Amino acid sequence: MTILSLTLEAKSLRCSLLSQQTTSQSQTLPFENFSLKTTPTELAKTISSQYPQLQGAVFQEISDTFYQENPQTSRLNTGVQSVIKAFSEQLNIPILSQEEYRQATDLASALQAKYHYNTWHLDYYGYTPGKEEYAVESLLTIGNGFMGLRGTLPEMTISTADYPATYLAGLYNEAQSTIAGQAVKNEDFVNAPNNQYISIRVAGDAEWLTIEADQLQFLHRSLDLQTGSFISEMIIEDQQQRQFKLCSYKIVNMAHMNDYSLKYTIEPLNFSGNLQVKTMTDGSVYNFNVERYRNLTANHLQVTQLQAQENQTHIEVITKQSQIKVAQTARIVGDFFEPYMIDNQLFADHIDQIITFPAQKGQRYTLEKQVQVRTSLHDRSWQTPPSLPTSYAASAQENKAAWAALWQACDIEITGDLMSQKLLRTHIYHLLVSASPDNNQELDVSITARGLHGEAYRGHIFWDEIFILPFYIMHYPKTAKQLLMYRYHRLEKAKENARASHYEGAMFPWQSGRDGSEATQKLHLNPLNGEWGEDHSILQRHVSLAIAYNIWMYWHNSGDNDFMKQYGAEMMLEIANFWRSATTYDETNERYFIDKVMGPDEFHEAYPNSENSGLKNNAYTNLMVVWLFEELINILALLTPAKKQELLAKTGITQAQLTEMQKMQKALTIEVNSEGIIAQYEGYFNLKEIDWAAAKAKYGNIYRMDRILKAAGQSPDNHQVAKQADTLMLFYNLNKGKIDEILADLGYDLPKDYLEKNLLYYLNRTSHGSTLSRIVHAQLAETVNFHELSWKLYQEALYSDYQDIQGGTTAEGIHTGVMAATIYVTLTTYAGVDLKEKILTIQPNLPEHWTSMTFNLQHRGLHYGLKLTQTDVTITSSETTDIRVAGHTYSLPAQTAKAIALN
């Protein structure tokens, strides 16, 4: 076992082999000016190359000399725990502090315990106000599918430094703003009243303690992914050098969707005296999370009721346009006061509760706050409010048990890769915060692109569902069904949307919110030049194809014929009818075409110098339409003749129109060049190329090449540049064999290696302006055995939110699409599970340094437990069934583990 002792000196890192409580073979790695963001990364490369079998380390205490010689650092933001975290993540190993090392009776066991801890916790040390802090708050968000609380401290208030917020699923409001002299309306995801605020002051002081204004000595925040609980520990000094240790504990109860609980402890460290603690019930909140939205209307709530009696408060608000009511009831208790001691102060839009008490140096005082949150969107809890939680401890126990049951169904356990394990669990956790099997059954909502974590994209639902739903289909099919019902309940609105644009059938909106109306903004801000321009993304009609695909995936994997007969077939038929009405016959080439659309790429909205927006024969759209028309035949075959006629009568679709769809599926147009490259859309090959090396040298971050080009007076419409996978997205949705069939049916003959050629062609023209881009390309790269490229892109996708690689977007909420997609690719690409076959099919393809992967999933009503290693697969099924592993079919007995060797 190779273990290092690491000592950070003034201008170097000293590394010594640690063996039997002694150090030997020391070497020194120099650096110039220490930076927590870059120096560990650079030094870790050297350490990894010199110690390839490194399994752990012990980090020594950092001396004052280091901070004196590196004045850009501080003990607050570059303390020993921050440094340990940075090196641990870069080296992908557990690292003990000197204190942990001294307490360890067995080094191997201590390192294993630290490894386990690291894979279940997110820890942040120090405080950097602004976008970095906002991103930390997003990643530390707790929630239960109905409610999300950003990972802020109780003392924080809305500012450019930090942003406490409470988000409730489905809480939208439309407001008008004036932009560039034009009145525009936007539907926003509303920040609900805040009951989290708690702060203190010494009696007689004018100001309440704040992080911004006072001297922060130490701050550690930790999120336990296993239990969904948030903890913070802070040592802070006020302007009179009086020191306090303040700790907060926070949970949103997964077992009871309306409840969250806070615990707050106060400890004077160097003085005794009278203290005051204040907690608020605040209805004055507003939307402030997204910087580019801050000149839009931000006040969405009107306070309609405020009440306070002894230790209990109640607030009711209503959204100004959508008229959704929100009620919050809160109760505080503590070991240093009685209810009669509380000074309740009612204002126009908030309630202050202030308690004055004598505090002794070194004595800890505890306050608890139980909060119940309800909305008029949910009749049961609105009409009959449940009782308030009894205590933090009781709520925490319920919450822990609920999370344990969820993890039992969906955890992915990997050995041999600490950080991949940690980040996969981080992604699973945030999906369960965004939509929970325990609570979403009562909600008429879907999953927003940014979860219950932030306000980017105004909390709307996009085609990201195509990446998100497979997680629920594999692990929680009832929740997947509920998410699909969100779309069914808005089918009539989708038909209205189609008629308004002179189409038939159902055209689901690119951005959907409360009622399924098209919520896409009319104008969009380019932050590079500060200019507002028209937003044509409404033309991404392929969102309806994503919905149809998800319906099919759910049905195919669950075997839920009743859902398909009652809801799914109707939606798929209406979507297919929309695409039939959007398709035109071209007598010149005797083929059909689809125009006035945008593909998943998003950068291309129109042809160069065209006055009209929209593109013709987008390959992704056209081939997915062919797939839809083909699958519709199979879906309608499920129905009895009488039920089929009933459905056709309900939708107004004729047999002649179904026949027309069958003609279209054999003759839709795509453009293919002589090399076998499928054009993203008709005319794509005529666009200009970009000098990518020059662009990277000039701009550095070129993820948003569209904004760079527009700021330079050019247009992405003129260039071969993509934000994310477009044509290649076909191979994410469908197996290559299926696409081969579709191309053959359409009469296109491509070379055998066309997938490899298309991957390299488009990868060289993609800026990865979406976090989804890398994970799609990672899957495709592995499909064609580009293993190193696949792993590189997969790792970038895993880290995309954790390291906020897009330079500030995580501040505005996590990216649910890429988080779900990393889980999907882990299971389908690396574990090799194929969800598109009739029996469970597995073609294991573990990364070489993963020694094993263990997980559970559901497929066609059966529950499977799987463990994969580099040499074998062990599978358990809830019932007797057949499975296919590495090309061979096996009979699997019920409830009996079967080990299958891999050749």
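Strand 14 pairs with strand 15 (residues 243–252) in the antiparallel sense, over nine bridges. Strands here are DSSP runs of E with at least two residues, helices are runs of H or I with at least four, and both are numbered from the N terminus; two strands pair if DSSP finds at least two bridges between them.

A quick word on the source: this is a predicted model, where local features need pLDDT of at least 70, side-chain atom pairs count only at pLDDT 80 or more, and totals for chains, interfaces and linings use all residues. Residues are numbered from 1 along each chain as its sequence is written, and side-chain values use heavy atoms, leaving out hydrogens and water.

Strand 14 (residues 229–237) also pairs with strand 13 (residues 215–224), again antiparallel and over nine bridges.

| Hairpin | Residues between the strands | Positive phi |
|---|---|---|
| Strand 13 and strand 14 | four residues | Gly228, near 65° |
| Strand 14 and strand 15 | five residues | Gln241, about 65° |

As for bridge partners, Asp224 has Ser229, and Ile236 has Phe244 in strand 15.

Now for the second largest pocket, which holds about 940 Å³ of space. Among its 29 lining residues, Leu36, Lys37, Lys85, Tyr124 and Glu132 are the closest to its centre. A pocket is an open set of points on a 1 Å grid over the protein atoms alone, where a 1.4 Å probe fits, with protein on both sides within 12 Å along at least five of seven lines; lining residues have an atom within 4 Å of a point. Points are joined across faces, edges and corners, and the volume is the space filled by probe spheres set on them. Helix 6 gives the most to this pocket's lining, with six residues.
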